[in-house]
Amino acid sequence: MTTIATESKLKRTLTGKIVSDKMDKTVTVLVERRVMHPVLGKVVRRSKKYHAHSENNEFKAGDVVQIEETKPISKTKAWKVSKLVEKARAE
């Protein structure tokens with residue numbers, strides 16, 4: 001009996017803003033989400049930072065990117081940048 005493992009092929013993706021590009025081949029991506037506060041009932045923002053792999057150092061701080069889950073690349077890095085959503089504005 002063979003089982004089709006199509007669900008395991010799907011990778012989790014998140015969209016966030018790059019806050020740091022100072023490391024070599026790594027960017028720090030801030031992902032924000034909105035959740036309902038359990039007691040107050042108001043919508044609050046929760047954020048988390050992920051280290052993502054950027055092979056060619058092509059993304060800069062301020063860019064909005066989509067990251068996808070991969071096998072662990074280092075101790076803190078298990079995501080890679082899959083595509084650029086929005087370029088940072090030059091000011």
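**Exercises: salt bridges, barrel and core**

**Exercise 1.** In this predicted model, find the partner of Glu69 in its salt bridge and state where the two residues lie.

Step 1. Glu69 forms a salt bridge with Arg12, and the closest N and O atoms are 2.9 Å apart.
Step 2. Glu69 belongs to strand S4, whereas Arg12 sits in the loop between H1 and S1; the pair links distant parts of the chain, 57 residues apart.
Step 3. Glu69 has a relative accessible area of 31% and is partly exposed.

**Exercise 2.** Determine which parts of the chain the salt bridge between Glu68 and Lys11 ties together, and classify both residues as buried, partly exposed or exposed.

Step 1. The N to O distance between the side chains of Glu68 and Lys11 is 3.8 Å, inside the 4 Å cut-off for a salt bridge.
Step 2. Lys11 is in the loop between helix H1 (6–9) and S1 and Glu68 is in strand S4, so the bridge ties together parts 57 residues apart in sequence.
Step 3. Buried requires under 20% relative accessible area; Glu68, at 15%, is buried.
Step 4. Lys11, at 48%, counts as partly exposed.

**Exercise 3.** Describe the strand arrangement and the pairing of S1 with S2.

Step 1. The 5 strands form a closed barrel in the order S1-S2-S3-S5-S4, with mixed pairing.
Step 2. Neighbouring strands are turned by 50° against each other on average, direction ignored.
Step 3. Strand S1 (residues 13–20) pairs with S2 in the antiparallel sense over 3 bridges.
Step 4. Ser20 stands opposite Thr28 in S2.

**Exercise 4.** Identify the largest nonpolar core and the element that gives it the largest share.

Step 1. The core has 11 residues, among them Ile18, Val27, Phe59 and Trp79.
Step 2. Strands S2 (26–36), S3 (43–53), S4 (64–69) and S5 (77–86) each give two or more residues.
Step 3. The largest share, 3 residues, comes from S2.
Step 4. Leaving out residues up to four places away in sequence, Trp79 touches residues including Tyr50, Ala52 and Ile67, as well as Arg12 and Glu69.

How values were computed: Residues are numbered from 1 along each chain as its sequence is written. This is a predicted model: local features need pLDDT of at least 70, side-chain atom pairs count only at pLDDT 80 or more; totals for chains, interfaces and linings use all residues. Side-chain values use heavy atoms; hydrogens and water are left out. A nonpolar core is a set of buried Ala, Val, Leu, Ile, Met, Phe, Trp, Tyr and Cys residues joined through side-chain atoms within 4.5 Å. Buried means under 20% relative accessible area, exposed over 50%, partly exposed in between (1.4 Å probe, protein chains only). Helices (H or I, at least four residues) and strands (E, at least two) are DSSP runs, numbered from the N terminus. Contact means heavy atoms within 4.5 Å. Two strands pair if DSSP finds at least two bridges between them. Axes are lines fitted to C-alpha atoms, for helices over the stretch in contact, and angles run from 0 to 180 degrees between N-to-C directions.
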